[in-house]
Amino acid sequence: MLDVPAGQRTLRVALLGNPNCGKTALFNALTGSRQRAANYPGVTVERKEGVLSTPAGHRVSLLDLPGTYSLRARSPDEVIARDVVLGRIAGLPAPDLVVCVADATNMRLCLRLLLEAKRTGRPLLLALNMIDLARHRGIEIDLDRLSAELGVPVVASAAVRRGGTGELLAAIDRMVPGLVAATGEAAWSAPDAAALRATQREADRIIAASVMVPDRRDPLTRRLDSVLLHPVAGLLVLTVLLFLMFQAVFAWAQPLMDLIDGGFQALGALVGDAIPAEGALGLLRSFLQDGVIAGVGSVLVFLPQIAILFLFILLLEDLGYMARAAFLMDRIMGGAGLHGRAFIPLLSSFACAVPGIMATRVIDSRRDRLATILVAPLMTCSARIPVYTLIIGAFIPDRAVWGWVGLQGLVMFGLYAAGILSALGMSFVFKRLVWRGTPNEPFMLELPDYKLPRVRDVGIALWLRVKAFLRRAGTIIFAMMVVIWFLSSVPRPPEGATEPAIEYSFAHAIGTAVEPVLRPIGFNWQIGVALIPGMAAREVAVASLGTVYAIEGAEEDATQLGQALAGKWSLATALAFLAWYIFAPQCAATLAVIRRETGSRGWVLFTFGYMLALAYLAAFITFHTAVALGAG
Amino acid sequence: MTTVHPGTLGNAARGFRGRILGLQPLTIGGFPAEELERRLLELGFVEGEPVEILHQGLFGRDPIAVRVRTATIALRRQEAAAILVESTDA
Ligand SMILES: Nc1nc2c(ncn2[C@@H]2O[C@H](COP(=O)(O)OP(=O)(O)OP(=O)(O)O)[C@@H](O)[C@H]2O)c(=O)[nH]1
Ligand SMILES: [Mg+2]
């Protein structure tokens with residue numbers, strides 16, 4: 001490999017830079033749709049890799065790295081950025097070229113990083129990104145001088161402008177002949193305070209010599225922050241934003257959900273017409289209708305809600321608001337023993353605990369990170385939405401409480417609030433009681449200037465998440481549905497059976513076996529059947545209930561599950577079921593990611609155990625309180 | 001010997017404008033002082049830099065958002081106490 005001239009093999013280029021300097025935007029602009037997300041070997045840090053061809057025809061494999069201020073790397077995310085640059089990752093040789101990406105409007109911290117990276121001896125190229133904003137703000141940069149002072153080629157780029165990456169590509173082409181493949185690990189040692197100070201001074205000197213910055217903050221950011229970071233108004237806006245987010249998830253998604261629901265119903269009817277109900281084909285018909293279509297359909301129907309939630313989070317992130325939210329929440333989170341930075345992972349956990357737990361990698365302290373990981377599954381993830389929506393729709397009357405605030409929305413808000421409060425409560429227990437006296441990790445975070453999110457970048461990120469959900473629906477959920485259908489349909493009832501078919505099935509046997517344990521919390525055997533696969537993926541519980549009741553009711557349409565439940569469950573059971581799902585021991589995927597992130601099976605068992613205990617307790621209290629109030 | 005006792009950024013009010021005189025990190029709550037100093041340096045808190053407190057939180061006026069040159073950094077007053085400053089307002 002080493003004897004192949006640089007021009008003839010695929011060049012490996014990595015994007016290194018501070019958080020928010022536009023690495024991902026640049027990556028998207030350069031690779032477009034030719035990118036994929038995978039994992040680094042051995043760790044779950046997402047590795048975004050894409051390919052591109054330069055104007056001169058060189059093939060480049062581009063790597064998007066997590067943002068960092070230093071190669072010293074304190075958080076797992078930053079460790080990856082460093083290890084990639086240094087070539088320390090097994091099976092992943094050091095990049096042929098490291099493109100340092102700097103925000104041209106705010107480059108001093110990145111130039112220090114570049115000076116530090118220079119000591120690794122890897123070939124560097126500096127891309128002054130966001131040059132459009134810098135010009136607009138009257139920042140004058142002498143690129144030649146900067147390049148001469150730094151001793152590396154410098155180009156300007158504007159990731160979000162058409163043609164904004166032309167100079168960068170041309171510069172890569174110019175550098176190709178001189179690039180030699182890395183051999184082994186690059187030498188590097190962590191700088192001490194004196195070295196950091198010296199490199200920052202040097203960076204500042206270079207900037208003073210080659211850049212003219214008008215002494216003025218971004219006017220838009222200044223105006224917005226005077227409200228959004230106002231001690232009182234800021235918190236109010238944040239609360240309203242969160243409330244709006246949930247209202248949107250439920251109000252906007254409805255038409256789309258009805259559409260998907262209608263589609264699956266039509267599909268089910270089509271299959272029903274095509275295949276006779278009698279004989280051997282009856283089993284196939286039941287499998288397709290009750291197992292595949294009703295099961296997968298009842299999960300896919302929530303795609304719009306999940307997409308809207310992710311969309312909100314991505315928009316707030318790209319806008320630059322998430323760092324503000326962490327700022328506003330720091331003290332409140334701190335009261336529970338959590339780090340301000342934990343706010344973003346916890347907010348992401350509203351969509352799904354898996355990316356949420358992976359997002360804890362920005363937290364440097366091990367204890368803070370562990371506490372966040374342990375409570376992240378308590379945040380109401382989107383997989384609980386199907387469960388909540390189903391039960392609320394069936395049992396909570398749809399009436400206005402006050403103005404446009406409906407009772408159903410209010411109950412939903414209450415469930416989310418319960419999740420948040422229990423997460424804060426548990427972290428308080430962990431941090432303040434269990435791990436008392438561990439060092440207090442500092443909270444330090446850059447607040448980037450606000451930027452209008454770009455449709456393309458948000459679109460790509462959203463698509464990656466939607467794809468992951470669809471893959472889940474197509475694999476885990478589908479497989480679980482097949483199992484549930486099988487257990488609910490086999491063995492078939494004997495000739496002349498009088499009871500519903502399901503009473504003769506394995507599912508009934510399993511459900512009745514666990515029923516004694518569940519009876520104190522008001523659950524029937526059908527719920528018992530649904531809970532078991534619900535541990536593989538929460539939303540499967542709904543699909544399982546759908547299948548169980550569809551088979552039980554024989555002719556009943558599985559999509560009418562809500563009505564079926566309203567007739568069969570007491571209000572107390574429904575409420576206990578909701579309470580159970582606030583804490584429900586999380587899905588297999590979450591447990592797997594906790595295993596990988598904590599590197600220990602013990603924490604997995606611990607999380608599973610404490611959540612199971614909380615779920616049982618909450619359901620127990622809810623059920624008995626409701627019964628006492630006459631809802632039994 | 002008279003030493004003018006400089007203030008720290010941790011005690012400064014919102015709207016404070018000044019210059020960094022030095023870093024004097026103490027080991028707070030078990031967090032090593034040397035590591036705190038390095039983190040502050042990595043975020044650009046270097047001697048001589050002008051600083052301004054732009055915003056502060058509701059509870060205990062904490063955390064604070066500090067302008068250092070072209071960047072705005074959020075940090076807690078506890079850590080900002082390691083940054084010695086002098087006021088540059090007349
Ligand atoms: N005007 C302008 N905006 C840009 C440019 N590059 C990026 N942005 C915007 O800057 C914001 C942050 O960009 P990202 O690409 O997410 O930054 P990043 O470096 O990947 O950030 P981390 O992954 O958090 O380290 C987004 O809102 C982008 O749309 C640019 O060249 N010009
Ligand atoms: Mg990025």
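Colleague: Which helices are among what covers the buried residues of H25(A)?

Modeller: Keep in mind that this is a predicted model. Start with who is buried in H25(A), residues 588–598: Thr590(A), Leu591(A), Val593(A), Ile594(A), Glu597(A) and Thr598(A). The cover over these buried residues includes three helices of chain A, namely H15 (353–359), H16 (366–375) and H26 (601–628).

Colleague: And why do the buried residues of H25(A) line one face of the helix?

Modeller: An α-helix has 3.6 residues a turn, so residues three or four places apart point the same way. Now look down the axis of H25(A): the buried residues line one face because they fall within an arc of 165°.

Colleague: Let's move on to H2(A). How many of its residues are buried?

Modeller: Helix H2 of chain A covers residues 76–86, and it's mostly covered. Among the buried ones are Ile80(A), Ala81(A), Val84(A), Val85(A) and Leu86(A), but Asp77(A), Arg82(A) and Asp83(A) are on the list too.

Colleague: Is Glu78(A) buried or exposed?

Modeller: Glu78(A) sits in helix H2 of chain A. If you skip the neighbours within four places in sequence, Glu78(A) touches Gly67(A), Thr68(A) and Ala73(A). The cut-off for buried is under 20% relative accessible area. Glu78(A) has 9% relative accessibility, so it counts as buried.

Colleague: Okay, now Glu149(A). Which side chain does it join in a polar contact of 3.1 Å?

Modeller: Glu149(A) belongs to helix H5 of chain A, residues 143–150. Leaving out the neighbours within four places in sequence, its contacts are Arg205(A), Ile206(A) and Ala209(A). The polar contact of 3.1 Å is with the side chain of Arg205(A).

Colleague: How far apart in space are Glu149(A) and Ile207(A)?

Modeller: Along the sequence, 58 residues separate Glu149(A) from Ile207(A). In space, C-alpha to C-alpha, the distance is 9.3 Å.

Colleague: Last topic, ligand 1. What part of its area does the protein bury?

Modeller: Look at the polar atoms around it. An oxygen atom of ligand 1 is 2.7 Å from an N or O atom in the side chain of Thr24(A), and an oxygen atom of the ligand is also 2.7 Å from a polar backbone atom of Ala25(A). A backbone N or O atom of Ala159(A) is 2.8 Å from a ligand oxygen. Taken alone, ligand 1 exposes 650 Å², and the part buried by the protein is 87%.

Colleague: Which element gives the most residues to the shell around ligand 1?

Modeller: There are 18 residues around the ligand, and those that come nearest are Lys23(A), Thr24(A), Ala25(A), Asp132(A) and Ala159(A). By kind, the shell divides into 8 nonpolar, 5 polar and 5 charged residues. With 3 residues, the element that gives the most is H1(A).

Terms used:
Residues are numbered from 1 along each chain as its sequence is written. Chains are lettered from A and ligands numbered from 1 in the order in which they are written. This is a predicted model: local features need pLDDT of at least 70, side-chain atom pairs count only at pLDDT 80 or more; totals for chains, interfaces and linings use all residues. Side-chain values use heavy atoms; hydrogens and water are left out. Buried means under 20% relative accessible area, exposed over 50%, partly exposed in between (1.4 Å probe, protein chains only). Helices (H or I, at least four residues) and strands (E, at least two) are DSSP runs, numbered from the N terminus. The arc is that of the directions from the helix axis to the C-beta atoms. Contact means heavy atoms within 4.5 Å. A residue is near a molecule or strand if one of its heavy atoms lies within 4 Å of it. A polar contact is a pair of N or O atoms within 3.5 Å; within protein, one must be able to donate a hydrogen and the other to accept it, and residues adjacent in sequence count only if both atoms are side-chain atoms. Accessible areas come from the Shrake-Rupley method with a 1.4 Å probe; for residues, only the protein chains shown count as cover. Ala, Val, Leu, Ile, Met, Phe, Trp, Tyr, Cys and Pro count as nonpolar, Asp, Glu, Lys and Arg as charged, and the others, Gly among them, as polar.
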